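The entries follow in the order I made them.

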Amino acid sequence: MSAIKFGTDGWRGIIAWDFTFENVHLLAQAMADYINSNAPVLENGKMPKIFVGYDGRFMSDRFAADIAAIFRSNKIDTILANKPVSTPVAAILSVSKCWLSVMVTASHNPAHFNGIKIKLAGRSAPLRVTKDIEALLGENSVLKLYGQKAETQDLTDIYFKYLAARTNTKKLKTFKGKVAVDYMHGAAAGYLEKFLPAKQVIALHNTHSPVFGNVQPEPVEKNLAELKKTVIEKKAALGIAFDGDGDRVSLIDEKGNYLTPCLIAAVLCEYFIKHKKLKGNIVQTVSMGYLLKRIARAHEMKFEEVCVGFKNIAERMNLEDVAFGVEEAGGFAWKGGLPDRDGLAVALAFLSIMADTGKKAGELCADILNTYGASVYIRQDFALTKPVEKTAWAEKLRKKMPKKIGTHKVVELNTLDGLKVILDNDDWLLIRPSGTEPLLRIYGETATKKETLALLDIGAKLAGVK
């Protein structure tokens with residue numbers, strides 16, 4: 001039971017090490033106990049339905065079937081996906097047809113990992129819910145009765161209809177360029193073709209594979225060399241990459257340049273404010289950069305940073321008037337949709353902006369940089385040999401931080417999530433242990449690549465990983 005602990009978005013573990021049938025059954029029973037104690041009673045006196053979905057990872061379908069069987073054994077009306085689905089499908093179902101959704105997925109983690117995400121009210125279950133579920137682990141014996149198979153259904157059309165309703169489909173139809181998409185053998189394979197003619201889509205790695213073609217299904221720049229090459233060779237207008245469960249996205253411009261999450265967020269947010277009259281607060285995770293802060297300042301909008309993990313953005317969107325929220329790992333959301341990550345929604349929105357403005361992806365980004373200043377944002381990951389207690393570690397690092405880095409003064413030390421060092425010229429450095437993987441992540445943003453790499457090198461030395 002000690003192996004089961006929810007991180008920034010769900011519980012993840014190594015298959016056959018801690019992500020085992022025994023542990024999954026324990027967690028399924030705890031989730032069943034939570035559902036039976038907290039789910040509302042409908043007008044007909046029955047409990048609402050629960051959805052169980054899964055991605056294409058090794059044994060995900062078997063784990064999902066067992067979770068559904070345990071739910072059924074506990075008298076919970078359960079729908080089981082009949083094929084791999086993206087996590088955004090589970091999110092929309094948690095508000096449109098079911099009370100809660102469970103996804104068997106390890107998202108962008110390597111193939112030997114698997115995990116479980118919980119979606120409630122269209123977003124990742126908040127900390128208070130996952131803590132309650134953790135507290136129920138082992139309280140009751142696992143109830144898994146013979147023959148308790150859940151009904152299987154294909155409910156993806158509900159998701160596609162939701163996206164069509166919030167996408168400018170008229171503008172999208174005027175988009176005539178080719179789009180290269182790397183599905184990374186993930187759960188979103190084939191989804192873009194629901195919105196663009198197949199002749200416009202150049203699809204890479206569009207079959208489900210438990211080993212993801214031996215590439216980690218994380219759409220970060222180092223994993224997108226083939227997509228970049230395809231965009232250039234096929235003269236595509238945009239390159240799109242989805243992670244293993246389809247809630248994260250990365251974009252490549254027409255020249256094969258990787259667009260950082262900071263740039264994508266700035267393009268989307270600026271367009272929504274100017275052309276959709278979007279109003280409210282702008283919220284980002286502490287691992288993001290200064291472009292949105294400058295946009296918020298220019299439009300006199302409240303700006304706030306929260307801990308890493310999109311569920312922290314979602315919590316703000318649930319409690320406050322948030323116009324736009326973003327995390328650095330390719331998760332974006334804005335007013336009018338679910339407070340959750342959705343890679344396809346972002347891709348469609350960006351394509352619609354290109355169609356509406358008649359501008360190339362590179363031109364949209366250039367407009368942002370000309371208005372709000374240059375931004376070169378880079379993240380580096382370093383393997384950890386042992387777990388790190390984040391708060392104590394960050395405080396220890398804070399105490400030995402110099403008052404100047406290079407020629408610039410340190411004006412702020414933020415220990416909200418790890419240690420974020422902000423300099424007097426807006427440049428910044430963040431050093432934090434990952435909440436889902438045994439990694440130390442170091443982030444930085446300056447006006448040039450050379451300066452950012454130099455800043456990251458300083459951060460690595462301060463953290464003791466170089």
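This is a predicted model: local features need pLDDT of at least 70, side-chain atom pairs count only at pLDDT 80 or more; totals for chains, interfaces and linings use all residues.

I looked up the second largest pocket and read a volume of about 740 Å³. Its lining has 31 residues, and Glu221, Tyr258, Thr260, Tyr377 and Ile378 lie nearest the centre. Which element gives the most to this lining? I find that S17 does, with six residues. The elements that give two or more residues include strand S11 (249-252), strand S12 (258-259), helix H8 (261-275), helix H12 (361-372) and helix H14 (449-463). Sorting the lining by class, I get 15 nonpolar, seven polar and nine charged residues.

I followed S17 into an open sheet of six strands, ordered S17-S22-S21-S20-S19-S18, with antiparallel pairing. Strand S17 (376-383) is an edge strand, as is strand S18 (404-405), and each pairs on one side only. I then checked strand S21 (residues 428-433) against strand S22 (residues 439-446) and found antiparallel pairing over six bridges. Pro433 has Leu440 in S22 as its bridge partner.

Entry 4, the mixed sheet. I looked up a second open sheet, in which four strands take the order S14-S13-S15-S16 and the pairing is mixed. Strand S14 (303-306) and strand S16 (331-334) are at the edges with a single partner strand each, so one side of each has no neighbour in the sheet. Direction ignored, neighbouring strands of this sheet are turned by 15 degrees against each other on average. Strand S13 (residues 281-285) and S14 run parallel and are joined by four bridges. Gln284 stands opposite Glu305 in S14.

Helix H10 (residues 310-319) lies across S13, S14, S15 and S16, and runs at about 175 degrees to S15.

I looked up helix H3 (residues 87-96) and helix H5 (residues 156-166): their axes come within 9 Å and cross at roughly 85 degrees. Angles of 65 to 115 degrees count as roughly perpendicular, and H3 and H5 are therefore roughly perpendicular to each other. On the H3 side I list Pro88, Val89, Ile92, Leu93 and Ser96 in the contact, and on the H5 side Thr156, Ile158, Tyr159 and Tyr162. By class, the residues of this contact are seven nonpolar, two polar and no charged.

How values were computed. Residues are numbered from 1 along each chain as its sequence is written. Side-chain values use heavy atoms; hydrogens and water are left out. Axes are lines fitted to C-alpha atoms, for helices over the stretch in contact, and angles run from 0 to 180 degrees between N-to-C directions. Angles under 35 degrees count as roughly parallel, over 145 as roughly antiparallel, 65 to 115 as roughly perpendicular and the rest as oblique. Contact means heavy atoms within 4.5 Å. Ala, Val, Leu, Ile, Met, Phe, Trp, Tyr, Cys and Pro count as nonpolar, Asp, Glu, Lys and Arg as charged, and the others, Gly among them, as polar. Two strands pair if DSSP finds at least two bridges between them. On a 1 Å grid over the protein atoms alone, a cavity is a set of points where a 1.4 Å probe fits but cannot get out, and a pocket is an open set with protein on both sides within 12 Å along at least five of seven lines; lining residues have an atom within 4 Å of a point. Grid points are joined across faces, edges and corners, and a volume is the space filled by probe spheres set on the points.
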